[in-house]
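Subject: Handover of a structure

Dear colleague,

Please find the structure below, together with its sequence. My notes on what was found in it follow.

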Amino acid sequence: SYNKERIICKNNKNNEQNKIIVNNIRTLAATRGTNIAAIERELGIGNGTIGKWAKAAKSPPYETLYKIATHFGVTVAELTGEADEKGIKKSPPNGRA
């Protein structure tokens, strides 16, 4: 047996984290005069993939996050909001956005 409520909460937490990631990517792209679609093309990420993360309960692959973070010169922790970086959002300690 499983606790459906726990699974829903976990999925909601992942979804909120994904929204932070997408917003941070959007912010980083804007500060460099570009957009998410251009970043996806440059890095060989499927068209629309990054935007879909904001609606997904599953976290993006670490390898993809690393590729994006490296492109922008930030760490994965900064990209995901786990660490401060000027101009991008940090996750609150309780995980709520």
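Leaving out residues up to four places away in sequence, I50 touches V22, I25, I36, E40, I45 and I68, where contact means heavy atoms within 4.5 Å. The model is a predicted one: local features need pLDDT of at least 70 and side-chain atom pairs count only at pLDDT 80 or more, while totals for chains, interfaces and linings use all residues. Residues are numbered from 1 along each chain as its sequence is written, and side-chain values use heavy atoms, with hydrogens and water left out.

I50 is among the residues with the most contacts inside the largest nonpolar core, as are I25, W53, I68, F72 and L79; this core has 19 residues. A nonpolar core is a set of buried Ala, Val, Leu, Ile, Met, Phe, Trp, Tyr and Cys residues joined through side-chain atoms within 4.5 Å. Buried means under 20% relative accessible area, exposed over 50%, and partly exposed in between (1.4 Å probe, protein chains only). Two or more residues of this core come from each of α1, α2, α3 (49-53), α4 (62-72) and α5 (76-80). The largest share, 5 residues, is that of α1. In soluble globular proteins, nonpolar side chains tend to be buried together.

**The chain as a whole**

The chain has 5 helices and 0 strands; helices (H or I, at least four residues) and strands (E, at least two) are DSSP runs, numbered from the N terminus. Of its 97 residues, 35% count as buried. Among contacts between residues at least 6 apart in sequence, 56% join residues at least 24 apart.

Helix α2 covers residues 36-43, and its buried residues are I36, A38, I39, E40 and L43. At its start, a side-chain oxygen of N35 reaches to within 3.2 Å of the backbone nitrogen of A37. After α2 comes G44, with a positive phi near 70°.

How do α2 and α4 lie relative to each other? Their axes come within 11 Å and cross at roughly 105°; axes are lines fitted to C-alpha atoms, for helices over the stretch in contact, and angles run from 0 to 180 degrees between N-to-C directions. The two helices, α2 and α4, are therefore roughly perpendicular, a term for angles of 65 to 115 degrees. I39, E42 and L43 in α2 meet K67, I68, H71 and F72 in α4.

N18 is in helix α1 and is buried, with a relative accessible area of 0%. Its side chain reaches the backbone oxygen of W53 at 3.2 Å. Neighbours within four places in sequence aside, N18 is in contact with W53, A54, A56, A57, K58, S59 and P60.

T31 is also found in helix α1 (residues 4-31), but T31 counts as exposed, at 58% relative accessibility. The T31 side chain reaches the backbone oxygen of L28 at 2.8 Å. That side chain also makes a polar contact with the side chain of R32 (3.0 Å). A polar contact is a pair of N or O atoms within 3.5 Å; within protein, one must be able to donate a hydrogen and the other to accept it, and residues adjacent in sequence count only if both atoms are side-chain atoms.

T80 is in helix α5 and counts as buried at 10% relative accessibility. A polar atom of the T80 side chain lies 3.2 Å from the backbone oxygen of A77.

Yours sincerely

Technical notes:
Angles under 35 degrees count as roughly parallel, over 145 as roughly antiparallel, 65 to 115 as roughly perpendicular and the rest as oblique.
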